[in-house]
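Please open the model in your viewer and keep the sequence panel beside it. The tour below goes from one selection to the next and says what is found at each stop.

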Amino acid sequence: MKRIILFIAVMATGWMYGCKRPLYVVPVEFKSAEYVFSDSARAEFFMNNAYTDLPADVSNSFNWLDGNAMLASASDEAMHISTNKTSPSAAQRMSAGNWNPSNMRYYRASDGAGEIGSWLKWGGYHGNRKANTAIKNLHLLPTTVSERYRNRLMGEALFLRALHHWFLFQKWGGIPVVDKSFEASDDVLVPRNSVRTVVDFITRSCDEAAALLPDESYTEPTEVGRADRGSCMALKAKVLLYAASPLYNRAGDDSLTSYGNVDAGRWALAAKAAQDVVDLGWYQLYQPTADGARNYKEYFNEWGAGNGNREFIFGRLRTPNRDTENDNFPAGFTNAKGGTCPSQDLVDAYEMKDGTLFSWDDPAQAKDPYLDRDPRFYASIIYNGAKYAKFANKSNYTFQTYTGGENAQGLAKTETSYYLLKFTDYANVNPAGNSGNAYHNWSYFRYAEVLLNLAEAGNEAGGPAYVVPASNNPLTPVMALNLVRARAGMPDVETSFANRGIALTQENLRALIRNERRIELAFENQRYFDVRRWMIIEDLPQFIRGCMITKESDGSFTYDPDVRVENKVFEEKHYFFPIPQTEVNRNPNMRQNPGW
């Protein structure tokens with residue numbers, strides 16, 4: 001059994017991610033450090049509490065922006081549809097460029113009010129403080145505590161501290177490295193650290209944590225789901241991938257947003273870190289059947305004892321719920337909210353099942369655009385004509401997103417002609433009747449991403465045939481990519497390129513890897529940051545396309561895929577989030593990001 005539910009034993013005592021008031025956790029604010037850490041059970045409960053500050057709002061699943069919006073709707077993946085037409089969601093404000101250091105609420109809070117800038121809560125210094133408190137006081141554990149237990153708690157604390165710094169770095173670039181618990185007499189007006197310093201701190205912390213954590217994957221109910229050695233290694237690989245990317249790996253005078261020089265060797269470091277995760281031998285892609293769409297779809301909801309899901313590395317796990325379905329319920333049903341509506345741009349990025357590119361210029365494809373596509377399309381997107389044996393409370397249901405269709409009317413209607421299917425389980429959940437539950441667990445790191453990280457870093461380091469020296473199970477970029485594509489039921493790279501009539505070159509493979517990330521990791525808070533670290537955001541269309549579908553008198557459909565449904569304001573300053581103005585005001589050493 002591998003990472004089924006976060007802390008089964010703890011949940012048995014009452015701590016559930018779906019609850020707004022976690023039980024059997026010990027916040028040190030209410031007890032002395034000596035009281036908490038001199039008892040092994042209380043120390044573990046404190047560590048449990050530290051996990052609750054990870055992003056992905058506990059009451060609203062993956063919709064972590066205020067207004068119940070996904071970050072995907074602030075990128076070119078989707079647009080956010082809300083039945084509340086008078087109060088734009090954060091994603092809508094970001095798309096319109098209507099955000100600044102003073103008015104932006106990123107994460108939702110459990111009371112719905114949000115947290116300005118999310119600098120402190122839901123993946124920031126609030127959780128970091130708890131990790132530092134544990135690191136400072138774990139020496140108080142009784143001498144009777146086993147070395148394995150003591151090291152495991154310390155390793156978890158080091159990892160969580162690194163992870164919180166990563167969440168901040170991903171948005172703001174160079175941020176203050178806070179590696180201790182501040183006392184009342186300490187100077188807290190600390191400046192931001194350079195990109196180099198932050199990357200070095202996170203990766204070093206990952207190494208330190210990994211060295212303390214057990215050298216085997218967790219199987220005990222009290223440990224399954226906790227941060228382990230693989231979690232540390234996956235975080236390190238991701239941080240180094242970003243560090244090697246053009247946004248950071250470039251010349252410049254601002255050490256808070258770049259290294260200040262270009263070093264191709266950073267790609268080799270990133271490739272090695274990803275290869276190290278592969279060499280660990282703990283993970284494999286979730287592939288229980290020969291059905292690519294089913295394999296991909298079920299990964300996101302398949303949890304519980306005995307399911308064999310070894311793709312998950314680390315994430316925010318929750319008890320069964322129906323939040324994701326509630327927030328993205330399509331029009332045409334009672335209690336519909338619309339939610340995250342995929343863009344035509346994303347839909348067009350899904351390849352044909354033979355690995356060739358989809359094109360509206362092809363008459364056959366334009367006539368039936370949803371036929372013979374990448375299986376992940378059918379596992380991720382609700383489209384016109386999509387058929388489901390059971391959808392919420394309806395059997396043998398066919399979607400009608402054409403003009404005037406059942407699913408294209410009302411306040412929750414999609415503007416793009418598509419709705420979100422990925423992450424949802426409408427066969428067992430019925431928001432119309434407020435019934436049913438499913439697992440909705442957010443993967444911060446999963447094995448498919450590690451393979452894509454390896455493919456990208458290896459290709460940039462040495463091309464399609466590059467291998468990390470002295471690895472146990474060396475994978476070339478092509479081999480890593482082929483594993484991900486095979487799980488989904490897609491042809492390998494060589495076959496796909498042959499069908500397209502193009503050569504296997506570094507440039508062509510780069511394009512394929514970037515598109516593969518767009519498809520495999522769709523709606524997983526990756527695309528928003530990928531287009532920034534690649535520094536291609538300014539080259540993207542300044543709008544979101546939808547598709548106007550018309551039903552003809554003979555029952556056939558015609559498609560206009562060039563309908564502009566939402567403007568997207570992409571400016572140079574949007575490469576980084578603005579530092580919350582409250583932090584700039586209270587700290588004279590806090591420098592704002594460029595352009596804000």
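Are helices α8 and α9 roughly parallel or roughly antiparallel to each other? Select helix α8 (residues 229-244) and helix α9 (residues 265-280), whose axes come within 8 Å and cross at roughly 160°; α8 and α9 are therefore roughly antiparallel to each other. Angles over 145 degrees count as roughly antiparallel, those under 35 as roughly parallel, 65 to 115 as roughly perpendicular and the rest as oblique. The axes are lines fitted to C-alpha atoms, for helices over the stretch in contact, and the angles run from 0 to 180 degrees between N-to-C directions. Helices (H or I, at least four residues) and strands (E, at least two) are DSSP runs, numbered from the N terminus.

Before going on, note that this is a predicted model, in which local features need pLDDT of at least 70 and side-chain atom pairs count only at pLDDT 80 or more, while totals for chains, interfaces and linings use all residues. Residues are numbered from 1 along each chain as its sequence is written, and side-chain values use heavy atoms, with hydrogens and water left out.

Leaving aside residues up to four places away in sequence, Glu-460 touches Trp-267, Gln-506 and Arg-510. Glu-460 has a relative accessible area of 19% and is buried, a term for values under 20%, with exposed meaning over 50% and partly exposed in between (1.4 Å probe, protein chains only).

Next, select helix α16 (residues 477-488) and helix α17 (residues 493-500), whose axes come within 9 Å and cross at roughly 90°, so that α16 and α17 are roughly perpendicular to each other. Val-478, Leu-481, Asn-482 and Arg-485 of α16 make the contact with Val-493, Glu-494 and Ser-496 of α17. Also in helix α16 is Ala-486, which is partly exposed at 41% relative accessibility. Ala-486 and Gly-292 are 194 residues apart in sequence, and their C-alpha atoms are 7.8 Å apart in space.

Now turn to the largest nonpolar core, which has 161 residues, with Phe-159 and Phe-314 among those that have the most contacts inside it. Such a core is a set of buried Ala, Val, Leu, Ile, Met, Phe, Trp, Tyr and Cys residues joined through side-chain atoms within 4.5 Å. Helix α6 (residues 147-172) gives the largest share of this core, 13 residues. Select Phe-314 and display its surroundings: apart from residues up to four places away in sequence, Phe-314 touches residues including Tyr-51, Phe-159, Arg-226 and Trp-442.

Finally, look at two loop residues. Asp-372, in the loop between α13 (363-367) and α14 (375-380), has a positive phi near 60° though it is not glycine, and is partly exposed at 33% relative accessible area. Ser-417, in the loop between β8 (394-398) and β9 (419-420), has a positive phi of about 85°, and is buried at 5% relative accessibility.

Note on methods
Contact means heavy atoms within 4.5 Å.
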